Each structure stands twice: as structure tokens, then as C-alpha cells.
Amino acid sequence: MKVKLILPALAEAESPFWRPIKYSLFPPLGLATLAAYLSPDDEIDLQDQHVEVLNLDDAPDLVLIQVYITNAYRAYRIADQYRQKGAYVILGGLHVTSLPDEALPHADTIFTGPGEETFPRFLEDFKKGVPKMIYHSSIRTLQKIPPIRRDLIKRNRYLVPNSIVVTRGCPHHCAFCYKDAFFEGGKGFYTQLVDDALAEIERLPGRHLYFLDDHLLGNAKFATSLFEGMKGMNRVFQAAATVDSVLRGDLIEKAARAGLRSLFVGFETFSPENLKQGNKKQNLEKDYVQAVNRLHSLGIMINGSFVFGLDDDDRDVFKRTVDWGVNNAITTATFHILTPYPGTRLYKSMEQQGRILTKNWDQYDTRQVVYQTTGLTAAELKDGYDWAYQSFYSWSNIFKSSFSHNALKHQLKHLLYAGGWKKFEPLWNFLIKTRNLNHMLPLLESILSKVKEKKTDLHTHVHIPATNKA
Ligand code: B12
Ligand code: SF4
């Protein structure tokens with residue numbers, strides 16, 4: 001059987017603000033995971049429109065398309081085209097799970113939730129000639145899943161070919177996050193067996209790994225055994241976790257010993273009112289600066305995530321946030337305009353209040369205001385968000401935050417990482433065009449090499465209260 005797997009490009013890929021490098025980071029891991037259930041005799045073609053021109057002139061028997069919110073319209077167009085040609089088209093992913101009724105007219109079969117149990121079930125039915133229209137995932141396990149078909153991934157087109165997920169979901173319930181909606185009807189947080197996770201790591205060449213798990217430290221027992229097992233592997237890795245998990249116990253030290261060098265942390269907001277609106281209870285009354293200092297003392301760089309536009313935000317929130325990030329030597333920052341994704345609790349409450357301004361999903365890229373704001377006007381929010389990016393990544397701020405680390409090595413790493421990420425677009429574009437992105441991996445690995453800072457009262461010069469307590 002001829003099988004085509006497609007990750008259509010997100011709408012923002014056509015925007016003048018599109019940074020090609022941002023979409024050439026990670027390969028389509030979800031589709032490569034599903035491909036593992038196909039038969040070795042199947043002829044498989046996996047295409048990622050972010051890094052290649054789609055070939056739509058072929059004639060596959062089965063087409064799988066992964067649907068995110070801002071590629072949904074494009075995904076539907078591709079699906080319609082293949083169905084007209086007689087292919088059997090199936091759709092799944094976050095957006096299909098949020099809005100199955102919207103997706104259904106464009107597919108022969110749709111899937112809600114993770115695919116590890118439903119896709120093999122579908123394949124059996126499909127082969128028997130009795131596929132259903134909808135498959136809902138309810139059994140959630142990562143045990144006995146076949147090894148991801150990484151051979152289908154065109155590694156040289158990605159900066160970070162070694163992306164990996166060893167858990168699914170998250171133990172928390174933030175109102176703006178897709179997580180509860182996506183995992184509805186079954187477990188919302190579960191892990192691989194540690195040995196399976198270690199075996200998957202062993203299969204990855206080179207040193208660098210990027211864990212795409214929502215919260216790698218979410219299950220302390222699992223994470224402890226994982227880090228224990230990784231100790232001798234000489235890996236360097238990046239991951240995501242909460243403020244709370246950085247502050248609790250000594251898991252973060254174990255992670256650092258196993259090779260953790262950079263962490264994505266969801267600070268989101270400093271306002272307790274906003275945290276309550278976002279149901280981000282795990283951040284309430286947590287000392288953000290203490291978390292930052294602890295990570296820096298372990299030589300771990302920080303990618304801070306911040307959301308603008310929650311109801312308690314005022315016009316000063318942008319400057320306050322940027323100043324905090326710079327003064328606390330956050331290496332990179334990801335700012336988002338609050339976006340009520342369909343299916344989330346935030347969306348439901350905004351819809352009830354009549355605050356959803358558009359249902360054009362192409363605009364739901366966290367760079368645009370799609371809801372009725374309260375504390376700020378939509379223009380203030382958009383302008384403040386744009387300003388925050390410009391200001392945080394100005395050379396003066398990059399220098400300022402880099403040189404506030406104690407260790408020279410950490411200063412240089414910060415400078416290279418933040419400057420390299422945001423300031424060398426033509427170089428990135430050249431590397432993408434010439435298919436040489438993967439040659440940057442050794443440089444990334446050396447930037448992520450070990451550094452140990454002295455424990456001092458670093459960053460006591462914050463402009464705003466050290467914690468998010470009122
Ligand atoms: C990698 C990643 C990206 C990549 C995506 C491209 C790629 N190459 O994969 C890039 C960098 C482009 C990206 C961009 C953004 N992202 Co992102 N990203 C992720 C991340 C970290 C990992 C995705 C992943 O690989 N998961 C692991 C695999 C195994 O799972 P999966 O892809 O979901 O696939 C499974 C199922 O969905 C299902 N499935 C999927 N497709 C199909 C198809 C069929 C036919 C079937 C049967 C099943 C099926 O089966 C798979 C196996 O279970 C997730 C968080 C997460 N942990 O999932 C966030 C996440 C998806 N991103 C998110 C966000 C907010 C963004 C941005 C808006 C951020 C920004 N401000 O720029 C943008 C734009 C996204 C958009 N507009 O929709 C949000 C939600 C987005 C949404 N609701 O659509 C997430 C969930 C993070 C979070 N917790 O908030 N992202
Ligand atoms: S902690 Fe992160 S992944 Fe977990 S529910 Fe909140 S936003 Fe989602």
C-alpha cells in the first residue's frame with residue numbers, strides 16, 4: 001500500500017514575519033511515530049511542508065494529515081484534493097481533537113487525541129474494509145510502542161533532528177492550554193517505561209537531544225530514573241518544566257548531572273490575578289527569581305515563556321516583563337499574545353462572555369489579538385507584544401543580560417545563543433537553502449557544554465518584586 005504522511009505548513013509560514021529557522025527546528029515526530037505502525041511492505045512518503053515543497057501529484061492509497069490550528073485550512077484543502085483523486089484521507093492532531101465536526105467533512109476518518117492506540121486499530125479495520133468515521137482515543141499507554149520511524153525523517157533539513165518525547169501530557173490544568181481538551185476521555189499524563197526511553201535515546205546519533213515533553217519533570221519518580229540512566233551517556237539536552245518543579249526537591253540537580261543545559265520555563269505572568277484566570281495554580285506564590293538563580297547556579301540557560309493580555313495586564317506589563325527578563329539574565333524569551341484555543345477552558349469562558357472576535361483560525365498564532373481585551377486595547381496589546389520582542393532582543397539588552405552571569409563561559413554561551421538565535425537570519429536562511437542546517441549541531445552542542453557558576457546573590461537588582469506574590 002502507498003501511504004503519504006503530511007505535515008502542512010502553518011499559516012504564519014506565509015507571513016512577512018515568518019522566520020524560516022523557527023519551523024526548521026523539529027521534524028514531524030507525531031507522524032514518524034504513527035508511521036511505525038505501518039507494514040514494512042508499505043511504500044511510505046513523509047513530507048513536512050515547512051522544509052520542502054509538497055508533491056501533491058502522486059496517487060497514494062492512504063493519506064494521513066496532521067492538523068494544528070493554523071494549518072487547519074491548508075490541511076483541509078490538501079485533504080479535499082486527495083479525496084477527489086480517490087485516496088482515503090484521515091485527519092488527526094490537536095485541532096481535529098478540538099473541533100471534530102469542522103474536520104469531518106474533509107476526511108474519510110478522523111481521530112481525536114493521541115494516536116498510539118487508535119491508529120493501529122484503524123489500520124486493522126481499514127485492511128478488513130470496515131474503517132469507522134471517528135476513532136476516539138481512550139486507552140493511554142506508551143508501553144510496547146514500536147520504535148519511531150526516524151529513517152523517514154530528512155535529518156539534514158532540521159537544526160534539531162534529535163527531538164524526542166518520553167511522556168505525554170502534563171499533570172497541570174492551565175486554562176489556556178490545549179492539554180485537558182486533547183487528553184479528554186483518558187489519562188492526561190503518562191510516561192514511557194524508563195528502559196524504553198533510554199533505548200530510544202541510545203538510538204539517536206550525536207550528543208544533543210531536545211525533549212519536546214510538555215513537562216519533563218512532571219513525574220519525579222520517572223524523571224529521577226531517567227536521569228540516573230542517562231548519567232553515563234555523555235548527552236547534552238534541552239527540555240521544558242514548571243517553576244514549581246525547579247524549586248522542589250533536587251530533581252533539577254539530577255537533570256543537570258544527566259546533561260540538562262537549557263530549560264523552557266512557563267513563567268507566563270507575574271500577576272496572581274492572571275495566574276488565577278489562567279488556572280496556573282502551580283506558579284502561585286512561587287519565587288521566580290529563586291528558580292532562575294537555581295538554574296543559573298547549575299549552568300542551565302533559560303527560555304522564559306510569557307503571556308500578554310490576561311485580564312489583569314496593564315500598559316506597563318511589557319516593560320516590566322522585559323526588564324525582569326533582562327535583569328535576571330533569561331537567555332531567550334518567548335512572548336505570546338493570549339490565545340483562546342478552541343476546546344480550552346479559556347475559550348469556553350470567553351465564548352460565554354461574547355469575547356471571541358474571530359474564528360479565523362489562521363489568526364490563532366499567538367501573534368494576533370483574536371478576543372475582546374479588558375485592561376488593554378487590542379492595539380496596545382499588539383504594539384506592546386511587538387515592542388517586547390524588539391526590546392528584549394536588542395543588542396544592548398542581549399549584552400546586558402549576558403554579562404550579568406558570573407562565569408565568563410556562561411556569559412559567552414548566553415551571548416552566542418541569544419544573539420545567534422535572533423540576529424543571524426540571513427545565515428540561517430542560507431543554511432536552510434543549502435541543506436546544511438545539521439552542520440550547526442556541533443556548534444549548538446558546544447554552546448550547550450557544561451558550565452558551573454558560583455552561588456552568589458546574583459540578580460538581586462530586580463526592578464519588580466522578586467516573587468509573583470501580590
Ligand atoms: C514541536 C512543536 C512545534 C513545532 C511543530 C512542527 C513539528 N515539526 O512538529 C513548531 C516549532 C512549528 C511549533 C510552533 C508552534 N507551537 Co508548538 N509545539 C510543539 C511541541 C513542543 C511538540 C509536538 C510533538 O512533536 N509532540 C509529540 C508527538 C508524538 O505528538 P503529536 O505531534 O501531538 O502527534 C500525536 C497526536 O497528535 C496524534 N496525531 C497527530 N496527527 C495525526 C494525524 C493522524 C491521521 C492521526 C491518526 C493521529 C495524529 O498522534 C500522534 C501520536 O500520538 C508541542 C507540545 C507537545 N508536547 O506536544 C507544542 C504545541 C503543539 N505548540 C503549541 C503552540 C502554542 C505553538 C505556537 C503557536 C507557538 C508560537 N507562539 O509560535 C506555534 C504555532 C503552532 C500553531 N500555529 O498551531 C501548543 C498548542 C498549539 C495548538 N493548540 O495548536 C503546544 C501543544 C504546546 C503547549 N503546551 O501549549 N510547535
Ligand atoms: S503546565 Fe504547561 S503543559 Fe501543563 S497544563 Fe500548564 S501550560 Fe499546559
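# A tour from helix pair to ligand shells

Start by selecting α7 and α8: α7 passes α8 in a right-handed crossing. A crossing is right-handed if the near helix is turned clockwise from the far one by less than a right angle, and left-handed if anticlockwise. Helices (H or I, at least four residues) and strands (E, at least two) are DSSP runs, numbered from the N terminus.

This is a predicted model, in which local features need pLDDT of at least 70 and side-chain atom pairs count only at pLDDT 80 or more, while totals for chains, interfaces and linings use all residues. Residues are numbered from 1 along each chain as its sequence is written, and chains are lettered from A and ligands numbered from 1 in the order in which they are written.

**The first pair, continued.** Helix α7 covers residues 194–202 and helix α8 residues 220–230; they pack at an angle of about 40°, with their axes 10 Å apart. Axes are lines fitted to C-alpha atoms, for helices over the stretch in contact, and angles run from 0 to 180 degrees between N-to-C directions. α7 and α8 are therefore oblique to each other. Angles under 35 degrees count as roughly parallel, over 145 as roughly antiparallel, 65 to 115 as roughly perpendicular and the rest as oblique. On α7, show Val 194, Ala 197, Leu 198 and Ile 201; they contact Phe 222, Ser 225, Leu 226, Gly 229 and Met 230 of α8. Contact requires C-beta atoms, placed from the backbone, within 7 Å. The contact of α7 with α8 has seven nonpolar, two polar and no charged residues. Here Ala, Val, Leu, Ile, Met, Phe, Trp, Tyr, Cys and Pro count as nonpolar, Asp, Glu, Lys and Arg as charged, and the others, Gly among them, as polar.

**Next, α16 and α17.** Select residues 395–402 (α16) and 408–423 (α17), which pack at an angle of about 155° with their axes 8 Å apart. That angle makes α16 roughly antiparallel to α17. Their crossing is right-handed. Ile 398, Ser 401 and Ser 402 of α16 meet Gln 411, His 414, Leu 415, Ala 418 and Gly 419 of α17. By class, this contact of α16 with α17 has three nonpolar, five polar and no charged residues.

**Then the two domains.** Colour domain 1 (2–136) and domain 2 (159–447) separately; the bounds come from an automatic or database domain assignment. Their C-alpha centres lie 26 Å apart. The contact takes 21 residues from domain 1 and 25 residues from domain 2. On the domain 1 side, α2 (72–84) and α3 are the elements that give two or more residues. α3 gives the most to that side, with three residues.

**Ligand 1.** Where does ligand 1 lie relative to the domains? Domain 1 and domain 2 both give residues to the shell around ligand 1, so ligand 1 lies between them. The shell has 37 residues, the closest being Gly 30, Tyr 68, Thr 70, Gly 92 and Gly 115. A residue is near a molecule or strand if its C-beta atom, placed from the backbone, lies within 6 Å of it. To trace the shell, select α1 (29–35), β3 (62–66), β4 (88–92) and α3 (94–98), each of which supplies at least two residues. α1 gives the most, with four residues. By class the shell around ligand 1 has 22 nonpolar, ten polar and five charged residues.

**Ligand 2, the last stop.** Around ligand 2, show Cys 170, His 172, His 173, Cys 174, Cys 177, Lys 179, Asp 214, His 215, Thr 242 and Gly 266. The shell around ligand 2 divides into three nonpolar, five polar and two charged residues.

Key
Two residues are in contact if their C-beta atoms, placed from the backbone, lie within 7 Å.
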